[in-house]
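Please read the following alongside the sequence and the 3D view.

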Amino acid sequence: MTEMMRAVEITEPGGPEVLKLCDRPVPQAQPGQVVIKVAYAGVNRPDALQRAGKYAPPLTASDLPGLEASGEIVALGEGVSNWKIGDQVCALLPGGGYAEYVATPAAHCLPVPKGMGMKEAACLCETYYTVWSNVFQRGGLKAGERFLIHGGSSGIGTTAIQLAREFGARVFVTVGSQDKAAACARLGAERTIIYNDEDFVDVMRGEGGADLILDMVGGLYIPRNIRALADDGRLVQIAFLQGPKVEVNFAQVMTRRLTITGSTLRPQSDLAKAKIAESLLQNVWPLLDAGKIGPVMDSEFDLAEAAAAHARMESSGHIGKIVLKVS
């Protein structure tokens, strides 16, 4: 294995143009880690937040962006026994995915699903870890429940639609255009709400209220989400595109027995992420192996075109996942 690698670094906080190619030392496998030769890296909103200076990586993580990737294991750290050199995996990363090699805890790797290419596999971990842990483990989604997803055409949204469909929930989504609405309907959304044309609160109240809402918008959506919930409903917050601060009437939360929760993935402990991986392997990977669900792909860019990939994502014109081809 070579000593140096190509990578994309954040030269200073700013827009997509601050992403530049560089040369970095190849990371070494620490105890409990593997080193992956990266084939493809997923592009996600937290990468853009980190680039803009709004989402600092953990102190122990690489400063390079990139929270998921696919590739081949080329080195094993001390104590790793469940993988071998040459295994093809997809992985959740603490950072560093925009590079030819990346190190990550072995327990955060999952096998590439049967029949799936490396490009598609690179899009699995950040979204499936997030959706599974928030919608099913934290939010407790059950068959027959009314589930509202904001941003239905995003990587998170398209994943949530498919998983909710497979587990028997009724899926409602908000989107910004007819094209996005059509894409969500094809994936299994029962009702698509174009937010510029309809009020999702009115739609959901007309259906009896949402049992569960997955929101990444925040801001003024938060009090509207509370009004859109059914009694005993749950709101799961995973991001704040419109900001985290808003006035909320908690009398509604109390009298209607609502639950407001949420999480971010990256700051959680290695053990917590390993437990999510175990649950995914047991409950979700069989669906991927069978081809019943899978990532919706938007576009592919070369590693050197990371700035263009970020611009595509921030335009909000994409449907599904964006990837960087690394090797």
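Ala272 sits in helix α9, residues 270-283; helices (H or I, at least four residues) and strands (E, at least two) are DSSP runs, numbered from the N terminus. The model is predicted, so local features need pLDDT of at least 70 and side-chain atom pairs count only at pLDDT 80 or more, while totals for chains, interfaces and linings use all residues. Residues are numbered from 1 along each chain as its sequence is written, and side-chain values use heavy atoms, with hydrogens and water left out.

Ala272 counts as partly exposed because its relative accessibility is 24%; buried means under 20% relative accessible area, exposed over 50%, and partly exposed in between (1.4 Å probe, protein chains only). The C-alpha atoms of Ala272 and Ser315 are separated by 33 Å, the two residues being 43 apart along the chain.

Next comes the sheet. Six strands form an open sheet with parallel pairing, in the order β10-β9-β8-β11-β12-β13; two strands pair if DSSP finds at least two bridges between them. β10 (191-194) and β13 (259-262) stand at the edges with a single partner strand each, so one side of each has no neighbour in the sheet. Strand β9 (residues 170-175) runs parallel to β10 and is joined to β10 by 4 bridges. Within this pair, Phe172 stands opposite Arg191 in β10.

Helix α3 (residues 125-138) packs on the sheet, touching β8 (146-150), β11 (210-215), β12 (229-237) and β13, where contact means heavy atoms within 4.5 Å. Helix α5 (residues 178-187) lies across β9 and β10.

Notes:
Axes are lines fitted to C-alpha atoms, for helices over the stretch in contact, and angles run from 0 to 180 degrees between N-to-C directions.
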